Amino acid sequence: MTGVGRRRSIGAGLALGLARDGWDLALGYWSPYDDRLGYVRTPQDPETVAEDCRALGRRVVLVPGDLADPEVPGVLVASAVEQLGAVSALVMSHCESVTSSILTTTVESWDRHFAVNARATWLLVKAFAEQLPAGPVTDGRVGARIVALTSDHTAHNTPYGASKGALDRIVVAAAVELADRGVRANVINPGPIDTGWMTDEIRARGLAETAGGRLGTPDDTADLVRFLLSEQGSWINGQVLYSNGGFGIG
């Protein structure tokens, strides 16, 4: 799992939810990115999340690394295999997100967004698939699962939205291209989740636009990820799923 650098994050909620379901975990994170965002966290947050999962009886390893480096995705998967054994699920909640528009985005920022949000997603999926049995699986058995988080946020967040759109296509392609290895691959759009980035104005606007009557939480996203990684969720494949309380449907 990627994107577990802060205790108050979707990634942390996913980790704890999956630990409750009995998953051993390799948790990827990159503290310089979280420091740059300036949200509430401590340097101990990754270890704190890991300890919370270990308290549930799970084996947990931490794998720091900058996903803008093309070597890191393979290292993350290899470290997980080395320390935990064969990996049967890949959950991607990492991102690069810097607010900018068509007129204000720099080439450097554009390239970093695509390196982290799109290229690293492809390389993680590739490394994950390469350590799976070659197959072919012809009887519908599920050998592995992939889930990634996306977003519809595009205007005035152009490189983020564009690179998340690329992520969607990569993961949907995996559902077809890796079918012979028994892979199920899906994308979740969780809508606005307040993990410390919302101002009072954003929070109020998000609440007003959510038919469900409240803002989403990391646990809401974790519930769907847990289902998709379960046997009961194995018939869902190649989908971009909205789990957002009806945000923006009015």
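**Figure 1. Lining of the second largest pocket.** The residues that line the second largest pocket of this predicted model divide into 16 nonpolar, 3 polar and 2 charged, where Ala, Val, Leu, Ile, Met, Phe, Trp, Tyr, Cys and Pro count as nonpolar, Asp, Glu, Lys and Arg as charged, and the others, Gly among them, as polar. A pocket is, on a 1 Å grid over the protein atoms alone, an open set of points with protein on both sides within 12 Å along at least five of seven lines, whereas a cavity is a set of points where a 1.4 Å probe fits but cannot get out; lining residues have an atom within 4 Å of a point. The second largest pocket holds about 330 Å³ of space, a volume being the space filled by probe spheres set on the points, which are joined across faces, edges and corners. Of the 21 lining residues, D24, L25, A26, V87 and A89 lie nearest the centre of the pocket. Two or more residues of the lining come from each of β1 (25-29), α4 (72-84) and β3, and α4 gives the largest share, 4 residues. Helices (H or I, at least four residues) and strands (E, at least two) are DSSP runs, numbered from the N terminus.

**Figure 2. The open parallel sheet.** Four strands form an open sheet with parallel pairing, in the order β3-β4-β5-β6; two strands pair if DSSP finds at least two bridges between them. Because β3 (89-92) and β6 (240-242) stand at the edges, each with a single partner strand, one side of each is left without a neighbour in the sheet. Neighbouring strands are turned by 20° against each other on average, direction ignored, with axes fitted as lines to C-alpha atoms, for helices over the stretch in contact, and angles running from 0 to 180 degrees between N-to-C directions. Between β4 and β5 there are 6 bridges in the parallel sense, and R184 in β5 is the bridge partner of R145. Helix α6 (residues 158-177) packs on the sheet and touches β3, β4, β5 and β6, and its direction makes about 155° with that of β5. Helix α5 (residues 107-130) lies across β3 and β4 and runs at about 170° to β3.

**Figure 3. The largest cavity.** The structure holds 1 cavity of 30 Å³ or more, and about 30 Å³ of space lies in the largest cavity. Its lining consists of R145, I146, V147, R184, N186, L228, L229, G233 and I236. Both β4 (144-149) and β5 (183-189) give two or more residues to this lining, and β4 gives the most, with 3 residues. By residue class, the lining of the largest cavity divides into 5 nonpolar, 2 polar and 2 charged.

Figure 4. F114 lies in helix α5 and counts as partly exposed because its relative accessibility is 25%, where buried means under 20% relative accessible area, exposed over 50%, and partly exposed in between (1.4 Å probe, protein chains only). Leaving aside residues up to four places away in sequence, F114 touches R119, P159, A162, S163 and A166, contact meaning heavy atoms within 4.5 Å. The C-alpha atoms of F114 and A162 are separated by 8.2 Å, although these residues are 48 residues apart along the chain.

**Figure 5. H156 in its loop.** H156 is placed in the loop between β4 and α6, and its phi is near 65°, a positive value in a residue other than glycine. With a relative accessibility of 59%, H156 counts as exposed.

**Notes to the figures.** Residues are numbered from 1 along each chain as its sequence is written, and side-chain values use heavy atoms, with hydrogens and water left out. In this predicted model, local features need pLDDT of at least 70 and side-chain atom pairs count only at pLDDT 80 or more, while totals for chains, interfaces and linings use all residues.
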